[in-house]
Amino acid sequence: MFSYEEIKQIRNQFPILNQFPILKKKENNSIYFDNAATTQKPVQVINAIKKYYCNFNSNVNRSFHVLDQFTNNYLELSRNNIKYFINAKSREEIIFTSGTTESINLIAFCISKVIKKSYDIIISHSEHHSNIIPWQVLSQNHNANLKVIPVNSEGELNIRVFNKLMTKKTKLISISHVTNTFGIINPIKKLIKTAHKYNSLVLIDGSQAISHLTIDVQNLDCDFYVFSIHKMYGPSGIGILYGKKKVLDKFTPYQCGGGMIEKVTLKKTIFSGLPFKLESGTPNIAGIIGTNKALNFIVNYSIIKIKNYETKLLKYALKILSNINGIKIYYKNSKLTKILSFNIENIHSFDLGKLLNNYGIAFRTGTHCAQPIMDYLKLNGTIRISFAIYNTIEEIDIFYKYLIKCLYYLR
Ligand code: PMP
């Protein structure tokens, strides 16, 4: 577990935490509890991006000059480090995208070539819109069936129904590792094992898991694992698509252009192999450089220590928030992560969010890009606080104090 001193040192690495000029309105608070939306960035990430633009800016893989070689080496170093971080078998399995959303859309596009009428694609009722809409559109365009694993009143997957949904017609299951609404850890290993018995591919949306859990894609045996770097202390606009080589090898390019070819004539193009055939055009070089620094940051502090610390914060928050009259916490019986969602009887999450923001406390309110699960549970939204390595018990105490104050005004 991190000591008080260590957390202080960690906080000092995040320039925004020391100023937050926008948040500091009344009472001088500047508390950031919206880490499931995006995390703040340490100075190492910011400086690496600045250094790239100031000292090394060039394209990659296009020229033989020293600047190009430098950026190219750096890009491949980042790819290798991602490979180690999630324990992929080879660097060819790591594709740079712009984020989770693009990763899922890329897979949907490539899979669409083999999806036929009456095939099934399975998602859960609890997915982020990014993991619903691409499959909805794909199913509609190909007359395939989009089937949905239901959840119980606690928001947990109904595995019994899932087992019944699986048939030989199932071609793909796409499911989140940790839900962004309530922070529920889905039993993905079990789902993957069952899916493979039916020869179905499995895509795991790791957006909310990647900065909190140890990910071993070989052990999970998933076919795809996708995530965004901005949720793990890195820059926005960059994401990862991990795919098993034998599956990605069968993909035809999703976008075509420079950087992904062996030979082009006006009649025909021979594409590069993996990973380049799925990475056309100039990549987000600064983002990839920042990615490497973000990875170093996490590895340096250890993902297991980060998880334990965030869970300690969550347990503490659960304990003190449970005292509030009329609070409904979703779903405190699940295994804890870093996400805590709740509502207060007769108070709209937007009202509370707006009022607490006046006191310099930032968190997410609303339906969290997951309207189907909110509709199913008849919720017009929730208040979601989510933690990262730089948050503290003291911040939770301040949050609690101002929450009580706001409830006094709203009730
Ligand atoms: N899936 C989940 C579970 C998420 O939490 C998010 C981001 N909130 C996404 C997908 C989409 O990520 P991005 O916007 O970075 O592509």
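Guide: A polar side-chain atom of Ser228 lies 2.6 Å from an oxygen atom of the ligand. Taken alone, the ligand exposes 390 Å², and the protein buries 85% of that. Those areas come from the Shrake-Rupley method with a 1.4 Å probe. This is a predicted model: local features need pLDDT of at least 70, side-chain atom pairs count only at pLDDT 80 or more, and totals for chains, interfaces and linings use all residues. Residues are numbered from 1 along each chain as its sequence is written, and side-chain values use heavy atoms, with hydrogens and water left out.

Visitor: Which classes make up the shell around the ligand?

Guide: The shell has no nonpolar, nine polar and two charged residues. Among its members are His128, Asn180 and Lys231. Lys231 is charged, because Asp, Glu, Lys and Arg count as charged.

Visitor: Why is Ser272 called buried?

Guide: Buried means under 20% relative accessible area, exposed over 50%, partly exposed in between (1.4 Å probe, protein chains only). Ser272 has 11% relative accessibility, so Ser272 counts as buried. This residue is in the loop between strand S10 (269-271) and helix H10 (285-301). Its side chain reaches the backbone nitrogen of Ile261 at 3.1 Å. Ser272 also touches Met260, Glu262 and Lys277, among others; contact means heavy atoms within 4.5 Å.

Visitor: How do you know that the buried residues of H12 line one face?

Guide: In helix H12 (residues 349-358), Ser349, Leu352, Gly353 and Leu356 are buried. Seen down the axis, they fall within an arc of 100°, so they line one face of the helix. The arc is that of the directions from the helix axis to the C-beta atoms. An α-helix has 3.6 residues a turn, so residues three or four places apart point the same way.

Visitor: What do the buried residues of H12 pack against?

Guide: Their partners include strand S12 (339-344), strand S15 (382-386) and helix H14 (393-410). Just after H12, Gly360 takes a positive phi of about 80°.

Conventions: Helix = DSSP H or I, 4+ residues; strand = E, 2+ residues; numbered from the N terminus. Polar contact = N/O pair within 3.5 Å; in protein donor to acceptor, adjacent residues only side chain to side chain. Near = heavy atom within 4 Å.
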